[in-house]
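Subject: Handing over the structure

Hi,

Here is the structure I promised to pass on to you. Have a look at it first, and then read on for what turned up in it.

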There are 2 protein chains.
Amino acid sequence: MDEELLRTFSAGGPTGHLVDDLAAIVLAILRDSPETREDAARGRQVMVENPRLIALAAERLRQSVESCVVHAEKREGGHFDRRRLDVAIGLVLVCFHIAMERYLDDDVETDLSSLFTASLATARDLLAT
Amino acid sequence: MDEELLRTFSAGGPTGHLVDDLAAIVLAILRDSPETREDAARGRQVMVENPRLIALAAERLRQSVESCVVHAEKREGGHFDRRRLDVAIGLVLVCFHIAMERYLDDDVETDLSSLFTASLATARDLLAT
């Protein structure tokens with residue numbers, strides 16, 4: 001995990017927009033990850049064949065989210081709102097999930113980061129009133 | 001499933017806003033569902049204890065989503081965009097999931113429909129640029 005980015009996040013950056021700043025953390029993790037498309041496809045296949053692993057992964061994800069809460073509390077101070085944070089994290093995770101499905105299923109050359117950014121842009125567009 | 005609402009959805013309503021119109025379908029399903037908070041809590045517990053059921057539920061959800069695609073195609077006509085639809089459905093599902101967690105975990109009297117509508121409003125607010 002990029003410690004400097006976490007410090008930036010806690011201080012309210014890099015953009016000041018909660019969803020975009022959570023997305024920046026996901027993009028940093030992707031940038032530093034050595035995982036290939038084949039690794040990700042194999043990981044998904046193993047999970048489909050061993051549902052127990054889905055439960056374990058969900059629990060690990062829950063723990064990762066909890067470990068981020070302290071940074072969000074620091075960032076928001078007295079304005080901290082756990083419900084709002086949960087929705088922001090949910091938005092980022094669902095856009096990541098959609099990007100990953102597309103990355104593994106569609107016959108495209110696009111990298112996962114670009115697909116994630118595109119999903120988030122579509123979400124923003126869809127919710128624009 | 002409310003056939004009239006599905007017809008309305010296919011015709012581009014009730015609001016003309018894809019996410020809100022998908023949410024209207026979820027709200028109609030909730031309105032007609034006899035499931036109590038205790039039923040939902042029991043269902044979640046059974047899933048946690050039997051991860052195989054999580055995989056089954058995910059597959060059933062995938063099939064339900066596929067069966068909705070035809071209505072979305074009718075609605076959007078030549079403008080139909082599967083990627084956009086996937087993001088819209090993902091947004092609605094993640095807001096529903098967050099509402100359900102809150103419904104089962106928080107010590108509040110609020111009903112699930114209100115929590116779902118509130119999650120969606122928070123998502124819209126978070127993504128407003």
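B:Pro14 sits in the loop that runs between α1 and α2 of chain B (helices, H or I with at least four residues, and strands, E with at least two, are DSSP runs numbered from the N terminus). The peptide bond that joins B:Gly13 and B:Pro14 is cis, with omega about 0°. Chain A has a cis bond from A:Gly13 to A:Pro14, with omega near 0°, and A:Pro14 is found in the loop between α1 (3-10) and α2 (18-32) of that chain. For context, most peptide bonds are trans.

A word on how to read all this: the model is predicted, local features need pLDDT of at least 70, side-chain atom pairs count only at pLDDT 80 or more, and totals for chains, interfaces and linings use all residues. Residues are numbered from 1 along each chain as its sequence is written, chains are lettered from A and ligands numbered from 1 in the order in which they are written, and side-chain values use heavy atoms, leaving out hydrogens and water.

Now to where the two chains meet. Chain B and chain A each bring 29 residues to the contact (heavy atoms within 4.5 Å). About 2600 Å² is buried between them, and carbon and sulfur atoms give 71% of that (buried area is the accessible area, with a 1.4 Å probe, that two parts lose on being put together, summed over both). On the chain B side, B:Arg83, B:Leu126 and B:Leu127 lose the most area to chain A, together 27% of what that side buries.

How many salt bridges are there between chain B and chain A? The count is four, where a salt bridge is a side-chain nitrogen of Lys or Arg within 4 Å of a carboxyl oxygen of Asp or Glu. In a salt bridge, the side chain of B:Asp125 meets that of A:Arg84 at 2.7 Å, N to O. On the side of chain B that touches chain A, the elements giving two or more residues are α2 (18-32), α4, α5 (82-105) and α6 (112-127) of chain B. Of these, α5(B) gives the most, with ten residues.

That helix also packs against a partner from the other chain. Helix α6 (residues 112-127) of chain A and α5(B) pack at about 70°, with axes 9 Å apart (axes are lines fitted to C-alpha atoms, for helices over the stretch in contact, and angles run from 0 to 180 degrees between N-to-C directions). The angle makes α6(A) roughly perpendicular to α5(B); angles under 35 degrees count as roughly parallel, over 145 as roughly antiparallel, 65 to 115 as roughly perpendicular and the rest as oblique. Among the residues that meet here are A:Leu115 and A:Leu126 in α6(A), and B:Arg83 and B:Val87 in α5(B).

Within chain B, helix α1 (residues 3-10) packs against helix α4 (residues 51-76) at about 40°, with axes 7 Å apart. That makes α1(B) oblique to α4(B). B:Leu6, B:Phe9 and B:Ser10 in α1(B) meet B:His71, B:Ala72, B:Lys74 and B:Arg75 in α4(B).

Lastly, the salt bridges over all chains come to 22. One to look up is A:Asp39 with A:Arg42, at 3.6 Å, N to O. These two residues are three apart in helix α3 (residues 37-49) of chain A, so about one helical turn separates A:Asp39 from A:Arg42.

Enjoy exploring!
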